[in-house]
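Colleague: I have not looked at this one before. Could you walk me through it?

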Amino acid sequence: AVAEREEQTEAAKRAVERGERSALYYHMFRSRHDEASLAMAAGVWRWQLRRHFRPEVFARLSAKTLARYAEAFQIPAEELFRLPETPLFSAEP
């Protein structure tokens with residue numbers, strides 16, 4: 001199950017790098033959320049969350065909405081727009 005989750009996270013990262021999804025999509029997998037749990041933690045509807053996965057929509061989110069996501073992930077709001085530069089998971093046990 002852990003390996004599957006790591007692969008989902010890496011696939012999400014690639015989707016963000018290709019411009020298909022917003023960085024929010026990556027952060028959802030990185031923090032071990034699914035759509036339902038993230039929507040609940042951030043106080044948004046699931047349809048809104050799915051819409052926020054679109055890069056052009058995410059870029060226009062209000063500071064208030066970004067703060068909700070940042071609080072759900074327990075990271076600064078500025079981090080929502082970035083991907084990590086180093087791999088999240090190592091190959092070593």
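Modeller: Helix α2 is followed by R32, whose phi is positive, near 65°. Helices here are DSSP runs of H or I with at least four residues, and strands are E runs of at least two, numbered from the N terminus. This is a predicted model, where local features need pLDDT of at least 70, side-chain atom pairs count only at pLDDT 80 or more, and totals for chains, interfaces and linings use all residues. Residues are numbered from 1 along each chain as its sequence is written, and side-chain values use heavy atoms, with hydrogens and water left out.

Colleague: How many residues of α2 are buried?

Modeller: Seven of the eight in 23-30. Buried means under 20% relative accessible area, exposed over 50%, and partly exposed in between, with a 1.4 Å probe and protein chains only. The buried ones are A23, L24, Y25, Y26, H27, M28 and F29.

Colleague: What do they pack against?

Modeller: α1 (2-17), α3 (35-42), α4 (46-52), α5 (55-58) and α6 (63-73). Contact means heavy atoms within 4.5 Å.

Colleague: Changing topic, how many salt bridges are there?

Modeller: Six, taking a salt bridge as a side-chain nitrogen of Lys or Arg within 4 Å of a carboxyl oxygen of Asp or Glu. One of them joins R50 and E35, at 2.8 Å from N to O. R50 lies in α4 and E35 in α3, so this pair ties together parts 15 residues apart in sequence.
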